[in-house]
Amino acid sequence: MNAPATTGAVIHPAEGVLGGRVRVPGDKSISHRMAILAAVARGTSRISGYSPARDCASTLDVLRALGVLIDLHDGAPVIEGGGWDGLRPPDEPLDCGRSGTTMRLMAGILAGVDARATLTGEDQLLRRPMNRIADPLRQMGADVETTDGHAPITIRGGVLRGITYSLPVASAQVKSAVLLAGLRASGQTTVVENTPTRDHTERLLGWLGAAVRKDGTAIIISAADLNSFDAEVPGDLSSAAPLLGAAAMIPGSEVVVDGVGLNPTRDSFLRLLARMGAEVEIEPADQTGPEPVGTVRVTHAGLRGITVEADEVAGVIDELPLLAAMATGADGPTEVRGAGELRVKESDRIRGVVNGLRAIGADAEELPDGFAVSGPSPLRGGSVNAVEDHRLAMAFAVAGLRASGPVTVRGMESVDDSFPGFVATLESLR
């Protein structure tokens, strides 16, 4: 099933129903944040369920380069936090790999540290916009230099002051960078977001006892020192999405994912599945940490096309390529607008998903800020290029399940950025 990385992975059509009960890796977004906050807390923190994703390993590597002691026990990091003063100036540039979350959140941390550090990474990451974090951090008093608005980013942190910052784009990474810097700023730091984004940072900070609160569209934080903690990362709903989407698309299928995060700023994809006609059941579990967790069951039903409005995009930004793949099997048109942010992710995901789906026969159109897919359209076997983007790779794998012949997904190795073992897990459902 898995061909060498140079040729991609071959996805064969689903000849029967998909079914099974699975777990997915720990949530990437939460894993990053827990590791970073454990590093600046005082004492020993233990994080079970930490994501095995390559991106989350990049965060641990950056923290180690700053002098943080981290041991792995069966994949679970045990982090010896020395407080903010425990971070030492790095000897060389900090390599964030391909992880935008690592780079942007660590920029917020480094803004409050009296040291000079450069954040860099692989070519894919160096193409992503970074002025969106540089601008507010400069306003707070940090010295931040970008490379023509991109990484490498050099930060000399120090004494920060609180600001009120209105997000020009809906971005949980930018919001988090400013809130993390606010932990070291004098006065209050306020971030105003007109479109809600995932709230893992503020949830975790509040759970750890920081003075953070929400007032309408504003999130307000004051300086705080943090203590160590023990926590478990729930399963990543964005990793579960392709498995649930496949069940919704293939007749007769039913898939259950246990122990998955049910954060209300992340579960919009489940509501979209229900709007498309799938049967979605959610069973919440007892909440013991900062995040709600539970079980999700999705059963196939005839899918219909939907329209995703601009104000819905932030809640499903990671799942939109998957939605495009599913739309090829839905009755009627599906259209997404207001999703221009897709063009500055790991790749131009609008162009990438449209080109890939067209390559196997889909009726798909690229829009300036989204896409349109007319369904149902028969898909044929062939080859698609995921352009080293894990979200596109997983979307094309799902599309391949309803093709008339095998689909080779070039660049499938990129799924290690978020879901190592994805193809094997998808195959286990046959």
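Reader: Which residues does His 390 touch, not counting residues up to four places away in sequence?

Author: Happy to start there! His 390 touches Lys 28, Glu 346, Arg 349, Ser 414, Val 415, Asp 417 and Ser 418, leaving out residues up to four places away in sequence. Contact means heavy atoms within 4.5 Å. This is a predicted model, where local features need pLDDT of at least 70, side-chain atom pairs count only at pLDDT 80 or more, and totals for chains, interfaces and linings use all residues. Residues are numbered from 1 along each chain as its sequence is written, and side-chain values use heavy atoms, with hydrogens and water left out.

Reader: What makes His 390 count as buried?

Author: Buried means under 20% relative accessible area (exposed is over 50%, partly exposed in between, with a 1.4 Å probe and protein chains only). His 390 has 1% relative accessibility, so it counts as buried.

Reader: What polar contact does the side chain of His 390 make?

Author: Its partner is the side chain of Ser 418, at 2.8 Å. A polar contact is a pair of N or O atoms within 3.5 Å; within protein, one must be able to donate a hydrogen and the other to accept it, and residues adjacent in sequence count only if both atoms are side-chain atoms.

Reader: Where is His 390 found?

Author: In helix α12. Helices are DSSP runs (H or I, at least four residues), numbered from the N terminus.

Reader: Why is α10 called roughly parallel to α12?

Author: The axes of α10 (residues 320-327) and α12 (residues 390-400) come within 8 Å and cross at roughly 15 degrees. That angle makes α10 roughly parallel to α12, because angles under 35 degrees count as roughly parallel.

Conventions
Axes are lines fitted to C-alpha atoms, for helices over the stretch in contact, and angles run from 0 to 180 degrees between N-to-C directions. Helices (H or I, at least four residues) and strands (E, at least two) are DSSP runs, numbered from the N terminus. Angles under 35 degrees count as roughly parallel, over 145 as roughly antiparallel, 65 to 115 as roughly perpendicular and the rest as oblique.
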